[in-house]
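Open the model in your viewer and keep the selection tool at hand.

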Amino acid sequence: MEGVIKSPATPRDESKRLQALHELGILDTPQEERFDRITRLVQATLGVPMSTISLVDSDRQWFKSRQNIDDSETPRDVSFCGHGILQAEIFEVSDASIDPRFSDNPLVTGSPHIRFYAGAPIATPDGHRIGMLCAISDEPRRLTERERLILRALADCVEAEINALEEKRLRTLLSHTQARTGKMLQAMPDIVLLIDQDGICLESNDHPDLLIPRSEIIGRRVSEALPPHLASQWQASFRQVLQQEGQVVFDYVLPLAKGPTYFEARLQWLNQNEVLALIRDVSVRKTSEDALTEQRRLTDSIQTAQSEFILANDHRLAFTALLADILALTNSEYGFIAE
């Protein structure tokens, strides 16, 4: 009776393991000398005819490097490496033809007629075992302790090369993220400041209303870039935000080259280490609000004067009240009403 091929079990971290493998972007890429050099060293130092760097995908094992192996991949359910990634130590099969897990395996009964297999796991920095560095022979044998150390050391070299790919990917991702964040900040109409718990600016957009250039404010306490009267108000509001873990809004005016400019500062607590500051030029709004206030005061004065002339027996009292309102509206010290 024919035996049944024993497929490898699924690792507990399978979904994260596959995610880590795919994020490397290494699957189905061309062979590279830096990896081929390692598999040739396995052949030479361990005296085996075949060697591979095998990456275990969801339904296949794919060879990033292979020596004396014709196929670029094989099904995962018949792979030795699928068993190997289940443990952190070297996985060794001295004679696959008599091992019940592999005796009926097509890689054993047919080409390449595997008898001996030894694989050292290859892991990502997060500890996910994504593949194996393999020493393979068509003759039974066992590794010596020295050979096991050599195989593990060479697997560490493979990990270093693969982790260099991950570092490059993360650097690229960081660069793209920073560029995207920079574009978003530049599109903001407000001054945007990210400030740490010590009041030091961590990030800022390059805004025309900054009192000093962006390159100078980053890494510096924001209060040091402000006029003294505003610095004290800023520090008090900043401490309040940190203590209350909330938001503080305050207005201030600065005498800029374009004239007196009104600003609204909104400080928002993000976490125990960071505060976000949004600073907006509200001069147009302020001017509109002042004009509306003046219009209301003028309307109230006219209505009051009309009432006084209608109800007062002495029009001089009505003129006196009207004059007082006019002086207040025009911020004048002296005035008169003449007939």
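In what follows, Ala, Val, Leu, Ile, Met, Phe, Trp, Tyr, Cys and Pro count as nonpolar, Asp, Glu, Lys and Arg as charged, and the others, Gly among them, as polar. The model is predicted, with local features needing pLDDT of at least 70 and side-chain atom pairs pLDDT 80 or more, while totals for chains, interfaces and linings use all residues. Residues are numbered from 1 along each chain as its sequence is written, and side-chain values use heavy atoms, without hydrogens and water.

**The cavity**

On a 1 Å grid over the protein atoms alone, a cavity is a set of points where a 1.4 Å probe fits but cannot get out; lining residues have an atom within 4 Å of a point. Points are joined across faces, edges and corners, and a volume is the space filled by probe spheres set on them.

The structure holds one cavity of 30 Å³ or more. Select I191, L211, L226, Y252 and I279, which lie nearest the centre of the largest cavity, among its 17 lining residues. Its volume is about 170 Å³. The lining divides into 16 nonpolar residues, no polar and one charged.

Now colour strand 7 (191–196), helix 7 (228–244) and strand 9 (247–256), the elements that each give two or more residues to this lining. Helices (H or I, at least four residues) and strands (E, at least two) are DSSP runs, numbered from the N terminus. Strand 9 has the largest share, three residues.

**The pocket**

A pocket is an open set with protein on both sides within 12 Å along at least five of seven lines. The largest pocket has a volume of about 230 Å³. Select F63, I69, L107, P112 and I114, the closest to its centre of the 18 residues that line it.
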